[in-house]
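Hello,

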Amino acid sequence: MTTTRRVGIIGGVRIPFCRNNTAYADVGNFGMSVKVLGSLVERFGLHGQELGEVAMGAVIKHSFDWNLAREATLSSGLAPTTPGITTVRACGSSLDNTIDVGNKIAMGQIEAGIAGGSDTTSDVPIVYSRALQQRVLAMNRAKTPLAKLQTALKGFSPAELKPSFPGVAEPRTGKSMGDHCELMAREWKVSREDQDALALGSHQKLAEAYSRGFFEQLVVPFRGVNRDNVLRADTSLEKLAALKPAFDKSSGHGTLTAGNSSPLSDGAAAVLLASEDWAKERGLPIQAYVTHSRVAAVDFTHGEGLLMAPTIAIPRMLDEAGLTLQDFDFYEIHEAFAAQVLCNLRAFESADYCKNRLGRDKPLGSIDPAKINVNGSSLAAGHPFAATGARLVATLAKLLEEKGSGRGLISICTAGGMGVTAILERP
């Protein structure tokens with residue numbers, strides 16, 4: 001992102017992330033979005049203020065939530081003249097929104113805006129067969145009651161009433177994201193033991209972050225929940241090793257389990273971004289700045305790993321920023337699966353991959369594990385698809401504020417073989 005004005009992150013808020021069909025089963029995206037937007041308004045004294053944009057992502061939503069962001073904005077306490085837009089790039093949605101709102105601020109189109117996302121896998125849209133849909137539409141076109149009845153009954157089969165639920169399979173391949181990641185784990189020779197170890201570390205680091213109060217301002221209680229209910233502070237390698245494969249259940253070689261894969265979750269998160277002048281006028285300190293970003297995609301339908309796109313986006317972003325992979329104090333890498341993180345890290349270390357796929361003379365190199373997801377990530381916190389990006393942005397901005405200076409990298413893989421990345425800095 002080439003900026004003409006610096007884009008500041010004022011701060012972020014999220015509700016605790018929860019496993020689907022638990023605490024938020026009856027809330028839905030609208031209720032969760034209103035909660036996080038309202039909490040952001042409360043925290044930064046934005047009542048009645050008009051912002052330039054509220055961009056909220058949502059992957060799984062009902063048709064009546066066609067512009068979830070605008071409807072939630074109208075219930076948030078912001079001025080009703082604040083526009084809202086609802087977006088979707090799967091797991092990268094709210095990081096995308098951070099980039100898009102940031103670009104508008106950088107170009108002087110707006111002074112401040114909110115980027116976020118909400119997702120639920122509990123309150124999902126249920127649809128019926130194409131045949132039933134066409135039958136109902138034909139009944140609506142029929143002119144007389146008799147014609148409507150004849151249309152309703154002619155050729156009707158009870159099978160038309162079978163409901164259909166949203167799926168997580170890639171339309172181009174028919175494989176789930178977990179199925180694809182199993183293929184990646186085999187290609188990069190990522191072991192079950194390494195995946196379980198990474199998952200254990202995620203839970204331990206998240207539990208420790210809660211214990212030391214890191215999330216006191218970042219996470220607002222909701223529906224009687226004070227922290228992510230996915231978190232298992234008492235898990236162990238033995239417990240993780242006892243879990244059966246969740247995707248490849250028949251070959252005897254499956255390594256992805258419910259313990260080393262991010263769970264289906266409900267939740268919402270949002271961050272406030274602004275120009276330096278807007279923040280200064282209101283006495284709001286800036287935690288960090290969004291300085292660079294990049295989006296990339298891979299040809300997963302012809303053999304590339306579905307979740308490898310961050311390995312394309314990151315080096316391109318580094319070249320633009322004039323940085324190396326090691327020039328960061330923190331790395332916030334979305335843990336879609338432990339295997340996905342490990343595959344990406346191994347690709348950076350591979351001379352063959354960096355030469356033949358990235359066109360580089362040498363590998364990008366290793367990342368210090370002590371700097372990766374220092375407060376845990378999606379494996380322990382949960383992964384409401386469109387909310388994860390805003391969670392990462394808010395977490396990294398606070399880490400940089402606590403440190404007093406530094407630089408952090410955010411990386412998110414998404415469905416459809418895409419990756420969204422960004423750099424945050426605090427001078």
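Predicted model: local features only at pLDDT ≥ 70, side-chain atom pairs only at ≥ 80, totals over all residues.

Residues are numbered from 1 along each chain as its sequence is written, and side-chain values use heavy atoms, without hydrogens and water.

Cores first. A nonpolar core here is a set of buried Ala, Val, Leu, Ile, Met, Phe, Trp, Tyr and Cys residues joined through side-chain atoms within 4.5 Å. Buried means under 20% relative accessible area, with a 1.4 Å probe and protein chains only. The largest core holds 48 residues, and Leu307 and Leu318 have the most contacts inside it. Elements giving it two or more residues include helix H10 (310-321), helix H11 (338-349) and strand S9 (406-414). H11 supplies the largest share, eight residues. Helices (H or I, at least four residues) and strands (E, at least two) are DSSP runs, numbered from the N terminus.

Leu307 has contacts (heavy atoms within 4.5 Å) beyond four places in sequence; among them are Met177, Phe337 and Cys413. A second, separate core has 43 residues, including Ile99 and Leu206.

Now Ala207. It sits in helix H7 (residues 192-211). Its relative accessibility is 12%, so Ala207 counts as buried. Beyond four places in sequence, Ala207 contacts Leu231 and Ala233. Ala380 is 173 residues away in sequence, yet 8.7 Å away C-alpha to C-alpha.

Last, Ser378. It lies in helix H13 (residues 378-381). Ser378 is buried because its relative accessible area is 0%. Its contacts beyond four places in sequence include His334, Glu335 and Arg391.

Best wishes

Conventions. Buried < 20%, exposed > 50% of the residue type's maximum accessible area, 1.4 Å probe, protein only.
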